[in-house]
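Walk through this fold with me. We start with a charged pair, then turn to the core and to confidence.

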Amino acid sequence: MTTEKTANQRGAARLAAVQALYQMDLAGTALADVLAEYEVYRLGKEIDGDVYLKADPAWFRSIVTGVVRDQKALDPKISDSISEGWTLSRLDSTLRAILRAGVFEIMSKPDVPTAVIVTEYVEIATAFFEGDEGKLVNAVLDRIARRERGQPGQA
């Protein structure tokens, strides 16, 4: 059974994973370097007056390493679920990181309810964007959850 504290730490791990994936995509940071940076210097730490939430380091690591390992399988699923006329490369780097992490969890974490995964990543999207990106994340993750798990993931 997941406790509230564990759930909050998983949510913080998801947010940190999205930030780490974004950093890797934008700056080309190596996997080992980004994992070490976040685990040693960011997760649960204060940096320049900003306090990073305490996150489940194992959950963080599993998302980041899983997305990197499985990206060639994740990206086509996302591309097939985006509106016609759009490509994954056309999306903002942060949005790509959110979708990759969410799809990874849908595919690889069957013990986590679909609705939890979708809701968490929609919340991350709305924290980063003011437009319809949260709706896009909801729609894409919901489509993939229906195909992969046979169930909706409505946020």
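Which residue forms a salt bridge with K77? The partner is E148, with the closest N and O atoms 3.1 Å apart. A salt bridge here is a side-chain nitrogen of Lys or Arg within 4 Å of a carboxyl oxygen of Asp or Glu. E148 lies in helix α6 and K77 in helix α3, so the pair ties together parts that are 71 residues apart in sequence. Helices (H or I, at least four residues) and strands (E, at least two) are DSSP runs, numbered from the N terminus. E148 is partly exposed, at 35% relative accessible area. K77 is also partly exposed, at 23%. Buried means under 20% relative accessible area, exposed over 50%, and partly exposed in between (1.4 Å probe, protein chains only).

This is a predicted model: local features need pLDDT of at least 70, side-chain atom pairs count only at pLDDT 80 or more, and totals for chains, interfaces and linings use all residues. Residues are numbered from 1 along each chain as its sequence is written, and side-chain values use heavy atoms, leaving out hydrogens and water.

The whole structure holds ten salt bridges. One of them joins the side chains of R96 and D25, at 2.7 Å from N to O. R96 sits in helix α4 and D25 in helix α1, so this pair links parts 71 residues apart in sequence. R96 is buried, at 11% relative accessibility. D25 is partly exposed, at 35%. Another salt bridge pairs R100 with D75, the closest N and O atoms being 2.8 Å apart. R100 belongs to helix α4 and D75 to helix α3, so the pair ties together parts 25 residues apart in sequence. Both R100 and D75 are buried.

Now the core. A nonpolar core is a set of buried Ala, Val, Leu, Ile, Met, Phe, Trp, Tyr and Cys residues joined through side-chain atoms within 4.5 Å. The largest one has 44 residues, of which F60, V64, Y121 and V137 touch the most other members. Helices α1, α2 (31–42), α3 (57–81), α4, α5 (114–128) and α6 (133–149) each supply at least two residues of this core. Beyond neighbours within four places in sequence, V137 is in contact (heavy atoms within 4.5 Å) with L95, I98, L99, Y121, V122 and A125.

Finally, confidence. pLDDT is the predictor's confidence in each residue, from 0 to 100. The chain's mean is 89, and 91% of its residues reach 70 or more.
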